[in-house]
Amino acid sequence: MPAAEYFDADTGVVDARIYCDEAIYRRELDRVFGRCWLYLAHESQIPSPGHFVTACMAEDPVVVVRQRDGTVAGFLNQCRHRGMRVCRLDYGRANGFVCSYHGWGYGIDGQLVSVPQERSAYQGRLDKSHWGLIRIPRIESYKGLIFGCWAEDVPSLAEYLGSFAWYMDGFLDRVEGGTEILGDPHKWTIRCNWKLPAEQFCSDMYHAATTHQSAVQVMAADNYDSQVQGFRGIQGVQFSDRGHGGGAVEASAPTPNVWYEPAAQRWLYDTFPQVEKRLGTMRASRFAGHNTVFPNLSFLVGTQTLRVWHPRGPDAVEVWAWLLVDRAAPQSAKEGFRLGAVRAFGPAGLLEQDDTENWTTVQCGLKGVMGRRSSFNLTMGKGNEFRREGLPGALNSIVSETAARGFYQRWADLMSSESWGEVERLRCERDETPR
Amino acid sequence: MSVALEQLLVDRAIERFLILEAELLDRQDFLAWLSLLDDEVAYTMPTEALSASGDKAPGDGIVHANTYMDENKAALERRVRRLGLPTAWSEHPPTRTCRFVSNVRVAPEGVGLFRVASSLLVYRSRLDHDGRLIAAARLDQVRRVESDCGWRLRRREVRLLDTVIGMHNLSIIF
């Protein structure tokens, strides 16, 4: 597939078919989700042997289990006999997984250990060692976040994240002790293509002033200023590397958003000096920032939402949104983060309910023949990219679409390349000749 | 008046209160709806997850370890203030709703306080998209007051039952 047909980096124009075409969707399940590092779980969810969570890698259900030696393994959640899910819970602790269809039993290491009536039914001709659960071949972690990948030839997670890990540290490594997941995730379905939300979290601070006007207006209560709380006068930097991207307010002091609860704000302010010493002023003050790790993991610094946009066909996405907090924070601050996130984000959140209204309505417009023939404009700030010592990646104003162009460039490279070697070669060529 | 008759009248009055509330929400008369809430109201909507035995629930069961909504009076007033703004895009133009309240069960829970369980079915129609039916199990506490309709909502827990909410947002009130 000639990628330039769907995304043209020279013009900054994207073809609407990438959001609705069934054939493109099938190809991206294979070429993007079948080959990229995908977020599976947080280390804190599976603290000891036998603890498991179920997760998704695009449309594939998987189960992620802490092993007896402390490592993490992941398997396709599918019995090798007739394809039934071997684990039908969201999380828990188990000694193994027994299929509820015919009773095949697997160990937490994925090995097939028991088959009902094995001797009489198979006459000793079933080689159980060949019929273990399908293992996710690559699993690696970055500061608590566990990722898996189906492609053996994928670069290491560290290489894949590239310089974006530096920005992730402002979310994952603020204080000693790292982070943990608090409570259960919000899960809901949005009738829109997965790239609409993933790209917005990657690159779009621009929408906030219009989309979220009503929410910030009522949340800022008496001191609402469209320039300050209303995002219109926002100053900051956007960054892009390897398809990952984000934006942050650039400040020398903390910049809380209006929806942060007082107890959460207190923790952010109280820890500011130690975070500044640990990570420097830029990342310590980054209380407000949007980010996407390519392809479908997004997070908001300060709001502390961490979410995956699971594709569910070309026109639907299933969101799993967790709350991630500093492990060392007091209980009152953790509850403050939870309340702030619940009231602003998630399906009932005052901000996010307006986002999903946009995405679903965009998707509705792609049913029409002219809607599908159209193309969208991603030209904002094109040519204004710059680099700066101390801030990794390609940079631009926070009100630009550099990270979106980077996101679609990576997508296009994956869609058109046969191997990871080719994807990386394309990236290196591009990085050497900046546009 | 017999105890049984008194109980019947209370049951009926509380059911009428829930029906009045549903009518106000269907009419988008949110200010009138707010006036039905006790100042100490706690409005929550727990998440639903499936977990194995051991950790949190006895036996395989449903766990509620987070909420989709966790509101006090001030937060609900803020929600309603937003709905009054023309830039509250998720509800402008408004979603049309029709609420069916049934299976109302009342039990006394202290002086002038009653625990009220009910089933709610909401038909929700947004823009020109498909209409949706949403079911919820509600567990409320109401307080008897002397004025107007005679009741205030003091506590509400809304259970949507889905482990994955099947729609793009929860911009309506349950």
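Student: Is Asp173(A) buried or exposed?
Tutor: In this predicted model, Asp173(A) has a relative accessible area of 16%. The cut-off for buried is under 20%. By that rule, Asp173(A) is buried.

Student: Which residues do salt bridges that share partners join into one network with Asp173(A)?
Tutor: Side chains of opposite charge can pair when their charged atoms come close. Here, Asp173(A) and its partners are linked in one network. Besides Asp173(A), the network holds Lys143(A), Asp169(A), Glu176(A), Arg278(A) and Arg283(A).

Student: Where is Glu261(A), the salt-bridge partner of Arg343(A)?
Tutor: The closest N and O atoms of Arg343(A) and Glu261(A) are 3.6 Å apart. Arg343(A) is buried at a relative accessible area of 9%, and Glu261(A) is buried at 18%. Arg343(A) sits in helix α10 of chain A, while Glu261(A) is in the loop between β15 and α8.

Student: Why is helix α5 of chain A largely enclosed by the rest of the structure?
Tutor: Look along residues 195-203, which make up the helix. Among the buried residues are Lys195(A), Glu199(A) and Phe201(A). The helix is largely enclosed because the buried residues number nine of the nine.

Student: What is the nearest side chain of opposite charge to Arg124(B)?
Tutor: Arg124(B) is in strand β6 of chain B. Arg124(B) is buried yet has no salt bridge, though polar contacts join its side chain to those of Asn169(B) at 2.5 Å and Ser171(B) at 2.9 Å. A salt bridge needs the atoms within 4 Å, and the nearest side chain of opposite charge is 4.4 Å away: Glu91(B).

Student: How many salt bridges are there between chain A and chain B?
Tutor: The two chains meet through 40 residues of chain A and 39 residues of chain B, burying about 3500 Å² between them. One of the salt bridges pairs Arg82(B) with Asp354(A) at 2.6 Å. The count between the chains is three.

Key: Residues are numbered from 1 along each chain as its sequence is written. Chains are lettered from A and ligands numbered from 1 in the order in which they are written. This is a predicted model: local features need pLDDT of at least 70, side-chain atom pairs count only at pLDDT 80 or more; totals for chains, interfaces and linings use all residues. Side-chain values use heavy atoms; hydrogens and water are left out. Contact means heavy atoms within 4.5 Å. Buried area is the accessible area (1.4 Å probe) that two parts lose on being put together, summed over both. Helices (H or I, at least four residues) and strands (E, at least two) are DSSP runs, numbered from the N terminus. Buried means under 20% relative accessible area, exposed over 50%, partly exposed in between (1.4 Å probe, protein chains only). Lys and Arg count as positive and Asp and Glu as negative; His and the chain ends are not counted. A polar contact is a pair of N or O atoms within 3.5 Å; within protein, one must be able to donate a hydrogen and the other to accept it, and residues adjacent in sequence count only if both atoms are side-chain atoms.
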